[in-house]
Amino acid sequence: MKKIFAALLSASFLLSPIVASQASAGDFRRPPVVVEKKVIVEKTVIRPHWKKGYRVTAGDRHRFSDVHDYRRYRLAPPPRGYRWVRADHDFLLIGVTSGVISNVIVGR
């Protein structure tokens, strides 16, 4: 078994330079091939993941739409000092003065 393995190993070492030299012998005749790859950049919308306890900045608070008819979306009435806002398809219950998120309802 060891003799067969040694013979195969030595044969692989002896044959490898021949294959490499054959492959490189014909390469000088061919002109170099330039391959242009087209990179397609897709526009992805990165949605922030709202979590309880995060602070919403003042710029984001003005961008959101207030939800005055919260019963229509089956939301609980906001406690004093809080309001429901809609961010994309999510509803956030944020503090009016602090901007801290106290509840998140995803995708209604």
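Author: What follows takes the salt bridges and then the aromatic pairs. The model is a predicted one, and a search of the whole structure finds two salt bridges in it. In one of them arginine 83 is joined to aspartate 66, with 2.7 Å between the closest N and O atoms. Because arginine 83 belongs to strand 2 (residues 82-87) and aspartate 66 to strand 1 (residues 65-66), this bridge ties together parts that lie 17 residues apart in sequence. Arginine 83 is partly exposed, at 24% relative accessibility, and aspartate 66 is likewise partly exposed, at 37%. The other bridge brings together the side chains of aspartate 69 and arginine 72, at 3.6 Å from N to O; here aspartate 69 is partly exposed, with a relative accessible area of 35%, whereas arginine 72, at 62%, is exposed.

Turning to the rings, the search of the whole structure finds two aromatic pairs. Tryptophan 50 and phenylalanine 64 pair edge-to-face, their centres 5.5 Å apart and their planes at 85°. This pair links distant parts of the chain, since tryptophan 50 sits in the loop between helix 1 (2-25) and helix 2 (58-63), while phenylalanine 64 sits in the loop between helix 2 and strand 1, 14 residues apart. Tryptophan 50 is buried, with a relative accessible area of 17%, and phenylalanine 64 is buried at 9%. The rings of tyrosine 73 and phenylalanine 91 have centres 4.9 Å apart and planes at 45°, so that pair is tilted. Tyrosine 73 is in the loop between strand 1 and strand 2 and phenylalanine 91 in strand 3 (residues 90-95), so the pair ties together parts 18 residues apart in sequence; phenylalanine 91 is buried, at 0% relative accessibility.

Note on methods:
Residues are numbered from 1 along each chain as its sequence is written. This is a predicted model: local features need pLDDT of at least 70, side-chain atom pairs count only at pLDDT 80 or more; totals for chains, interfaces and linings use all residues. Side-chain values use heavy atoms; hydrogens and water are left out. A salt bridge is a side-chain nitrogen of Lys or Arg within 4 Å of a carboxyl oxygen of Asp or Glu. Helices (H or I, at least four residues) and strands (E, at least two) are DSSP runs, numbered from the N terminus. Buried means under 20% relative accessible area, exposed over 50%, partly exposed in between (1.4 Å probe, protein chains only). Rings of Phe, Tyr and Trp (its six-membered ring) pair if their centres lie within 6.5 Å; planes under 30 degrees apart count as stacked, over 60 as edge-to-face and the rest as tilted.
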